[in-house]
Amino acid sequence: MKLMASEILDNQGRGEASWQWPSIHAEGRKFGAIAGGVALIGWLLLGPWVGWPLAVLTLCVLAFFRDPVRVTPQDDRGIVAPADGLVTLISKVAPPRELTVDDGSGSAPMPNAPVTRVSIFMSVFDVHINRAPIGGTVKRVIYIPGKFVNADLDKASEENERQHVLIERSDGTRICFTQIAGLVARRIVPFIKPGDFIAAGQRVGLIRFGSRVDVYLPAGVEPRVVMGQKTIAGETVLAELGAAPLIEGVVQ
């Protein structure tokens, strides 16, 4: 059915919005099918006492891969959260060492100077689809195998399986974020590759079954979130380019 112009949802208040069940991302459908098959076999062979718990487990697997619609703020100054979850760390650190060495262009993608890192921890109950914090060109995607220690620990940024993504805007602003596998997670799945042009809030990948995402803000940019705050991927504004810093929790 063709939509009329007045029916198209946008960020200017046009169209009609209503709650709907979130879709299941294609990456999770095979896991749901496997879990459903096991539940059916368990029910037929061992009865409902086994079938019901397995059926509930199937629903949990499908819920993990849910992919709700998000509306990203249309503001070029905004840096949005790439993940749903809890802000567990805000600290001044050097960018990932993999991005502070010459990439063959004669210069490093990022300077080796301390910047603010915002860490978002995703529990198994959070949506695990990650989204781009800014729009621009994907300059680098670097996958690094590693351990699977608790993603809530600071050392997970250096020791765990992880993937760095560097995005550059048309004005030269660069943002790096890192997808980090956790205790349960065993696979980082990218949806993008170097050279892709993406929009802010666009889906860029997922991490299976509990993990963390670190965002490295540009030099001089301070976060607009606080420790313990919940974020929504593609919607929560982590920071604003050119904005004044937070003073005692109040935006100036």
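A: Here is a walk through the salt bridges, with the sheet and a surface patch as surroundings.

Please keep in mind that this is a predicted model. Counting side-chain nitrogens of Lys or Arg within 4 Å of a carboxyl oxygen of Asp or Glu, the total comes to 12 salt bridges.

Let us start with Asp84, which forms a salt bridge with Arg70, their closest N and O atoms being 2.8 Å apart. Asp84 sits in the loop between β3 (78-80) and β4 (85-93), while Arg70 sits in the loop between β2 (66-67) and β3, so the pair ties together parts that are 14 residues apart in sequence. Both Asp84 and Arg70 are buried.

Next comes Asp214, whose salt bridge with Arg212 also has its closest N and O atoms 2.8 Å apart. Asp214 counts as buried, because its relative accessibility is 0% and the cut-off for buried is under 20%. Arg212 is buried as well, with a relative accessible area of 0%.

Strand β8 covers residues 162-168 and pairs with strand β7, residues 136-144, in the antiparallel sense over 7 bridges. Within this pairing, Val138 stands opposite Ile167 in β8. Both strands belong to an open sheet of 8 strands with antiparallel pairing, in the order β11-β7-β8-β9-β13-β5-β4-β14. At its edges stand β11 (197-198) and β14 (230-231), each with a single partner strand, so one side of each is left without a neighbour in the sheet.

Finally, turn to a nonpolar surface patch of about 1,100 Å², made by Leu40, Ile41, Trp43, Leu44, Leu45, Leu46, Trp49, Val50 and Trp52. The elements that give two or more residues to this patch are α1 (26-46) and α2 (48-64). Helix α1 gives the most, with 6 residues. One of the patch residues, Ile41, lies in helix α1 and is partly exposed, with a relative accessible area of 49%.

Notes:
Residues are numbered from 1 along each chain as its sequence is written. This is a predicted model: local features need pLDDT of at least 70, side-chain atom pairs count only at pLDDT 80 or more; totals for chains, interfaces and linings use all residues. Side-chain values use heavy atoms; hydrogens and water are left out. Two strands pair if DSSP finds at least two bridges between them. Helices (H or I, at least four residues) and strands (E, at least two) are DSSP runs, numbered from the N terminus. Patches are made of residues with over 30% relative accessible area and no salt bridge: like charges are joined within 9 Å, nonpolar side chains (Val, Leu, Ile, Met, Phe, Trp, Tyr) within 5 Å. Accessible areas come from the Shrake-Rupley method with a 1.4 Å probe; for residues, only the protein chains shown count as cover. Buried means under 20% relative accessible area, exposed over 50%, partly exposed in between (1.4 Å probe, protein chains only).
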